[in-house]
Amino acid sequence: METVDLVSFDGGFEAQARVQRPDDNELIKTDLGDLPRIARGGGYSYAAASFGAGSVVHDMTGFNRLVRFDPAARLIEVEAGMTLDQLMTLTTPSALWLPVQPGYPAITIGGCIAVNVHGKNPALSGTIVRHVIGLKLFHPKHGTLRVDPENDSSVFDLTCGGYGLTGVILTVTLRLEPLPGLKLSMQRTSVGSVKEALALVRSSGGRKAFTYTWHDAAPVARTFGRGIIYEGSFVPGTPFHENLPPRYCLLTAASRARLPISLWNRLTTRALNSLYWHWERARPERGELPLFDSLFPFARRPEIFYFFGKRGFAEYQVLVPDGRVDGFLDELQGSIVKKKAPAVLLSIKLFKGNQRHLRFDMNGVCVTLYLVRSKAGLEFLPFLDQLTAKNGGIPNVIKDSRLPCSMVRDCYPQYGVFRDALRAYDPARLFRSELSERLEL
């Protein structure tokens with residue numbers, strides 16, 4: 001066990017932690033007495049969900065082996081420390097894939113389950129819980145449990161989107177889907193506003209494999225919201241010959257903070273967004289893109305994160321009910337422009353799902369806003385909290401390292417249900433993190 005300085009990926013929280021690096025079940029089951037502990041994957045959570053609160057950290061990245069793979073049944077069981085790109089390497093030769101993928105290839109499968117991630121088209125594929133067949137879980141007071149939606153469904157529900165608080169996920173069994181090809185035909189459509197993009201995305205009904213948008217969020221009334229809609233459809237073809245993911249520059253919380261100051265400011269944000277806007281409009285409206293680059297657009301272009309510098313960034317991600325999102329966007333745009341908030345970019349996606357516990361999931365529109373982590377940026381976040389609550393939205397717990405407990409309690413109808421069930425399952429609250437303490441779980 002070693003002492004390590006850890007920092008949330010957004011740069012908002014840092015602490016020293018005692019880190020254990022298990023690579024088998026016995027090390028995970030080491031008797032730590034009543035010491036609090038928490039599992040940690042790749043370290044890409046924007047909130048401190050995998051360290052803090054004086055907990056011993058189980059670094060699971062070495063716990064990444066294949067357990068079993070049945071291509072005919074489209075089932076795979078892997079250890080929780082396996083990363084998305086490692087999973088892709090295993091499944092693409094069999095023309096199979098996991099359709100729900102967050103934005104970076106080094107995120108672990110266990111981490112995906114713990115926060116119930118979504119991918120590039122949650123209106124079509126939902127969140128990852130929809131694709132989880134079962135879990136093997138270890139808790140010192142309960143031993144090793146096998147849980148699934150039918151067998152011990154209450155613990156399964158607590159664990160998927162439970163932020164690592166029910167124990168250490170050992171293995172995950174996933175149901176895969178057929179992979180039509182390793183390239184996508186990407187349609188780029190330029191729009192003059194976020195609401196224009198929303199109308200077009202709504203009209204397409206989320207039927208494409210990938211649908212997401214990029215918008216200029218610099219606080220300038222004339223250009224705010226202009227953007228690009230990206231819609232991707234698979235180019236059919238057998239992917240055997242191209243099964244290995246390409247090389248990419250490994251981005252970590254430490255490497256993200258390599259610059260001492262932020263390069264995003266009022267002038268550079270306008271200039272770089274304008275450059276990107278004109279560059280994308282000059283490209284052909286339709287072109288082919290490798291699956292890897294479609295899934296992980298920042299893996300080989302991480303500069304946007306470097307530019308935030310050592311202090312980091314603030315991401316605010318919110319799900320807004322469909323009937324309230326137009327007013328939400330109007331007020332958001334007006335406030336960013338009026339307050340000159342240090343916003344950089346904005347994105348929207350359609351969602352279809354059922355909200356349960358603290359899962360970021362329901363029918364509505366996901367709005368994501370990136371801001372510079374400055375005094376002005378942090379002062380703007382409470383306004384976003386108020387706007388979210390007023391419009392019946394839910395903030396993404398894992399994307400905001402300062403989100404207050406009162407906000408989560410007021411916006412998530414099942415906050416109390418989740419907290420009470422968690423305390424009944426583990427009265428001693430052996431699994432803790434800064435996030436769990438901040439949210440009074």
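Predicted model: local features only at pLDDT ≥ 70, side-chain atom pairs only at ≥ 80, totals over all residues.
Lys 208 counts as partly exposed, because its relative accessibility is 32%. Lys 208 sits in the loop that runs between α6 (194–204) and β13 (210–216). On the surface, Lys 208 gathers with Arg 207, Arg 286 and Lys 352 in a patch of positive charge.

Let me turn to the aromatic residues. The structure holds 24 aromatic pairs. One of them is formed by Phe 292 and Phe 296: the ring centres are 5.2 Å apart and the planes stand at 70 degrees, so this pair is edge-to-face, the cut-off for that class being over 60 degrees. Are these two residues buried or exposed? Phe 292 has a relative accessible area of 5% and is therefore buried. Phe 296 is buried as well, with a value of 1%.

My last topic is the backbone. Lys 340 has a phi near 55 degrees, which is a positive value in a residue other than glycine. Where does Lys 340 lie? Its place is in the loop between α11 (325–339) and β17 (343–351). With a relative accessible area of 40%, Lys 340 is partly exposed.

For Glu 440, phi is likewise near 55 degrees, again a positive value in a residue that is not glycine. Glu 440 is found in the segment that follows α15 (434–438). The relative accessibility of Glu 440 is 46%, so this residue counts as partly exposed, since the partly exposed class ends where exposed begins, at over 50%.

Notes. Residues numbered from 1 in each chain as written. Heavy atoms only, no water. Patch = residues over 30% accessible without salt bridge, like charges linked within 9 Å, V, L, I, M, F, W, Y side chains within 5 Å. Areas by Shrake-Rupley, 256 points an atom, 1.4 Å probe, with all protein chains shown as cover. Salt bridge = Lys/Arg side-chain N within 4 Å of Asp/Glu carboxyl O. Lys, Arg positive; Asp, Glu negative; His and termini not counted. Charge placed at Lys NZ, Arg CZ, Asp CG, Glu CD. Helix = DSSP H or I, 4+ residues; strand = E, 2+ residues; numbered from the N terminus. Buried < 20%, exposed > 50% of the residue type's maximum accessible area, 1.4 Å probe, protein only. Phe/Tyr/Trp six-rings, centres within 6.5 Å; stacked < 30°, edge-to-face > 60°.
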